[in-house]
Amino acid sequence: MSIVLLIMFPVIILATVWVFLALLNYFGNGYYNQYGEMVYQLDAATVNAYFLSAVPWVVGGVGLWFLIAYFSNASMVRMATGARPLERRENPRVYNIVENLCMTCNMDMPKINVVDDPQLNAFASGIDKGSYTVTVTTGILDVLNDDELAGVIGHELTHIRNHDTRLLITSIVFVGIISTIMSMVVQMMYHTAFWGGGNRRSDDERGNGLSVIVVLFVGLICCAVAYFFTMITRFAISRKREYMADAGGAELCGNPLALASALRKISAQPGLGSVSREDMAQLFIIHPSSLASGVMGFMNSLFSTHPDTAKRIAILEQF
C-alpha cells in the first residue's frame, strides 16, 4: 500500500500536465456554429501528442528536483527546525535512553539532535542509516521524566524501523514541488497582469497579456487540484503510521502509560517556535495547532497527518 501511495505522487503530477494541455486545447479550439453559438471541442490526438513530447521534460525536471531535495533532506530539516547535534557529554541521559532502546530492538543507533526551544516536541528524520536522526527539544528534556522520554524516543525509533521517515520525506518533497509551482504560477499571473501594464500598450499587447493570464489561470487551477490530491495521499501515508509508532514505542519502552503521560504533557505545549512550515510539522510527534490557521490551515485540519491526541492517549491506556 505504501508503494502504491508513493506511485500516486508522480501519477498526480503527470495527470495534471495532461489535464492542463487538454483544457488549453479544448478552450483554444472554440468556434462559432451556424447559429452564432460558441462551440468547444477537444482534439485528444493533439493533446496526447503534446503530452508525450512533454513527458520527458516533466519527468526529467521533477526527477532532478526530487533527487536534490531527497538527498539533501538532512540539511533541509536542520535548517528548517534550527536543530544541532547533541553531544554525549552535554546530555548523557538521552544517549543512555537511546542506546538501551536500540539494543532492545537490535537496531543501529541514529544521530541525536536537539532544538533549543522551551516547547515540547520530538521527531525522527532521515532516509538511510547514515542520515537517520532523532531530534528532541530542550523543553521536552526538561519536562519529561526518564520513562516518558523513553516512550517518546521509542515512538521515533519505531518510525525509523518502519521506514516511515523515508515515506514522509518523499511526500514532503512532492508536496513541496506542487506548492512551489503553484506559487510560481501566482507570481507570473501577478506580474503579467500588473507589471508594465501602462496605457501605452497596444491592443495586441493587451490581448496577448490577457491570453497569458488565462493560460496561467488554467495552470493554477490544475496545480490546486494536484495539491489537493497530494494532500490526501500524504494524509493516507502518515496518519495510520502514528498509531503504529505509538504501539511500537509502548512496546519498546515497556510502559504504555508512560508514553500516554508524555503525549498528554506534550499536547499542552507542542510545537517549535522557529517552525511555521506545515511539511515540517508533519514529522512532529504532535502537530502544533498554532499552524492551523487560514485557508491552508483549514485544508490541513481536514486532512491532518496526525490522529487526535486524546484518542491516541486513550488507546495507549487500554494496553
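**Group meeting: a walk through the model**

Hi everyone. Among contacts (heavy atoms within 4.5 Å) in the protein between residues at least 6 apart in sequence, 70% join residues at least 24 apart. This is a predicted model, where local features need pLDDT of at least 70 and side-chain atom pairs count only at pLDDT 80 or more, while totals for chains, interfaces and linings use all residues. Residues are numbered from 1 along each chain as its sequence is written, and side-chain values use heavy atoms, with hydrogens and water left out.

The protein has 12 helices and six strands; these are DSSP runs, helices being H or I of at least four residues and strands E of at least two, numbered from the N terminus. Of its 319 residues, 45% are buried, meaning under 20% relative accessible area, with exposed over 50% and partly exposed in between (1.4 Å probe, protein chains only).

Now the inside. A nonpolar core is a set of buried Ala, Val, Leu, Ile, Met, Phe, Trp, Tyr and Cys residues joined through side-chain atoms within 4.5 Å. The largest has 37 residues, and Val 94, Ile 140, Val 152, Ile 153 and Leu 157 touch the most other members. Helix 4, residues 92-105, gives the most to this core: seven residues. Leaving aside neighbours within four places in sequence, Ile 153 contacts Val 94, Ile 97, Val 98 and Leu 101. Another core, of 34 residues, lies apart from it, with Ile 12, Phe 51, Ile 169 and Met 280 among them.

Finally, is Met 38 buried or partly exposed? Met 38 sits in strand 2, residues 38-39, and counts as partly exposed because its relative accessibility is 35%.
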